[in-house]
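Work through the exercises below with the sequence and the structure at hand. Each task is followed by its solution.

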Amino acid sequence: MEQLQYQLKTIRLSAMAAALPVRLQEAKANDLPHLEFLSVLINDELEKRKERLLNRRLKAARFTELKTIDTFNFSFNPSINKKLIMELYS
């Protein structure tokens, strides 16, 4: 498995390499078909890449503070329709 992890890192699939041991255990425990196992591993890689891209963009934006919808103060402006905002957010 170490050889496979090294190869994955070499071809820049580090998230797959990191997730491999856990995903192998899950595959054995749940008797996962090969195709589904591969799909889960690839999804791990794609999700990690999305996360890294978002982090790079946030860093490049140089925001002074990182705000989320969860911490937004809706009472500050009562004319904002919180229900609509949360519906759009979901």
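The model is predicted: local features need pLDDT of at least 70, side-chain atom pairs count only at pLDDT 80 or more, and totals for chains, interfaces and linings use all residues. Residues are numbered from 1 along each chain as its sequence is written, and side-chain values use heavy atoms, without hydrogens and water.

**Exercise 1.** Determine how the axes of H1 and H2 are oriented.

Step 1. Helix H1 covers residues 2–10 and helix H2 residues 14–30; helices are DSSP runs (H or I, at least four residues), numbered from the N terminus.
Step 2. Their axes cross at roughly 160° and come within 7 Å.
Step 3. H1 and H2 are therefore roughly antiparallel (angles over 145 degrees, on a scale from 0 to 180 between N-to-C directions).

**Exercise 2.** Find which element gives the largest share of the largest nonpolar core.

Step 1. The core has nine residues, among them Leu8, Met16, Leu20 and Phe37 (buried residues joined through side-chain atoms within 4.5 Å; buried means under 20% relative accessible area, exposed over 50%, partly exposed in between, with a 1.4 Å probe).
Step 2. H2 and helix H3 (34–61) each give two or more residues.
Step 3. The largest share, five residues, comes from H2.

**Exercise 3.** Describe the salt bridge of aspartate 44 with arginine 23.

Step 1. The closest N and O atoms are 2.7 Å apart (the limit for a Lys or Arg nitrogen and an Asp or Glu carboxyl oxygen is within 4 Å).
Step 2. Aspartate 44 lies in H3 and arginine 23 in H2, 21 residues apart.
Step 3. Aspartate 44 is buried at 16%, whereas arginine 23 is partly exposed at 22%.

Definitions and conventions: Angles under 35 degrees count as roughly parallel, over 145 as roughly antiparallel, 65 to 115 as roughly perpendicular and the rest as oblique. A salt bridge is a side-chain nitrogen of Lys or Arg within 4 Å of a carboxyl oxygen of Asp or Glu.
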